[in-house]
Amino acid sequence: MPSEETRTETRTDKTETLTVTGTRAEPGRAASTPSTSSPRAWTTWTTRLLMLGIVLAAFNLRPAITSLGALLEEVRDGLGMSGSVAGLLTSVPPLCFAVFGVMAPRLARRFGPGAVVWAGMVAITAGLLIRPYAGGTAGFLAATALALMGIAVSNVLMPVIVKRYFPDRVGSMTGLYSMALAFGTSIAAAATVPVTNALGGGWQPGLAVWATLGVAAVLAWIPFVRHREAPQSAPAPAPERTADAPGGRGAGPAPEQPPLRITRSRTAWALAVFFGLQATAAYITMGWMAQIFRDSGVSAGTAGLLLAVIMVMGVPLAFVIPRVATRLPHQGPIVLVLGLCGLAGYAGLYFAPVGGAWAWALLLGISNCAFPLALTMVGMRARTGAGVAQLSAFAQSTGYLISIPGPLLVGVLYQHSGGWGLPITLMCALMVPQIVVGVLAGRDRTVEDEAGR
């Protein structure tokens, strides 16, 4: 095979990097020289390991939630929860994501994104191991919050890591990450009940077993705890050379840029509301959908499979949608298609929950792919890595705050109405503003142009 070595030429009047493939860095920017590995090491072993780490991290970002949804009735009986308390439990994920997610960019600047993601994987693993055996509702909620704290910081940092280390492959890497996330979500939904039965029928081991996925992710991220440099062969965009440089040291002499006034951007707000409404639908689905099917007369195992179908639709679509979205100047048409599928799925669930259960699951699964679309738009609505970090933290933290009341309100409506008619009507009604703000967020513009500095 031809040599892939990189040749760098440095001049006194201006610095530029040349590669044998013809890739040329922007004038005025120095090449980033990794302190812990050579360019050859980064572009082969390190890059592949980072991709594996991203996939394993994504696998761990939803089993803590969907495994609980599949066994919610057993957990409620075992801990003596009311419907309202169970609704509070299903609202804990977005609450933790909002509270802890906003801390992620600051932690990443201080310790490096790899170290923060590694710590997040440790928190997920510990929380999943502890919560089934914590004793009582308070201990269960506390251990769940620990796992969700790890999920929160990883949620925010994944688009940042993709933008920094794979700037020329944002669509494909976001698709890979989203596909792995959807696969982990669906596996936990489908396998929790059978695994629980195989382990003797107790819900405690059925929930704790998912910590094994976390162990694998912890091991994969260990090499990146101290690795804070971007690869030499894929330098970050010029505006972020100082502000977003690992460890606070830029590649060039430019002064550090002040943060964006992100709240002045209409696009940022539209994206935050879109993120919040799709998260509302997602966490209502993960927390309550299996119970909706069970109360309609479907067996526990089949209800888990139906939830898994909803989640597994994200495996192929989460890879396709980001790639399509990055090729379109406006992502509004994708938002519209996903929203119409959601409206059709909820309507079918209202009128014929059992007869068309598999069709409604497919439609709702398509609608749930608004999540990878939102992540893709986060990467597209900012020009720099620093902008993506701010936008990701703002959109996700604000969005998860917006989504907190949804699952709780569904539990309250279910308990006081005695059925699922009102909760399903609420889910359907929320899909309309989701479409509207999604179209606004999909317009071809960046937060840097709107927010100013």
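How much accessible surface does the chain have, and what share of that surface belongs to carbon and sulfur atoms? The total comes to about 17900 Å², and 65% of it belongs to carbon and sulfur. Keep in mind that this is a predicted model.

**Whole chain.** Show the cartoon. You will find 20 helices and zero strands. Now colour by burial: of the 453 residues, 55% count as buried. Next, turn to contacts between residues at least 6 apart in sequence. Of these, 81% join residues at least 24 apart.

**The core.** Select Ile54, Met121, Tyr177, Trp221, Phe274, Met289 and Leu373. These residues have the most contacts inside the largest nonpolar core, a set of 123 residues. Helix H11, residues 266-295, gives this core its largest share, 18 residues.

**Leu373.** Zoom in on this core residue. Leave aside its neighbours within four places in sequence. Leu373 is then in contact with Phe274, Ile321, Ala325, Gln331, Ile334, Val335 and Leu338.

**H11 against H14.** Select H11 together with helix H14, residues 332-351. Two packed helices are described by the angle between their axes and the distance between the axes. Here the axes come within 13 Å and cross at roughly 30°. Angles under 35 degrees count as roughly parallel, so H11 and H14 are roughly parallel to each other. Their crossing is left-handed.

Now show side chains at the contact. From H11, pick Phe274, Ala281, Thr285, Met289, Ile292 and Phe293. From H14, pick Val335, Tyr346 and Leu349. Two of these names return from the previous stop: Phe274 and Val335 are also among the contacts of Leu373.

Key: Residues numbered from 1 in each chain as written. Predicted model: local features only at pLDDT ≥ 70, side-chain atom pairs only at ≥ 80, totals over all residues. Heavy atoms only, no water. Helix = DSSP H or I, 4+ residues; strand = E, 2+ residues; numbered from the N terminus. Buried < 20%, exposed > 50% of the residue type's maximum accessible area, 1.4 Å probe, protein only. Contact = heavy atoms within 4.5 Å. Areas by Shrake-Rupley, 256 points an atom, 1.4 Å probe, with all protein chains shown as cover. Core = buried A, V, L, I, M, F, W, Y, C linked by side-chain atoms within 4.5 Å. Axes fitted to C-alpha atoms, helices over the stretch in contact; angles between N-to-C directions. Parallel < 35°, antiparallel > 145°, perpendicular 65-115°, else oblique. Left-handed = near helix turned anticlockwise from the far one by under 90°.
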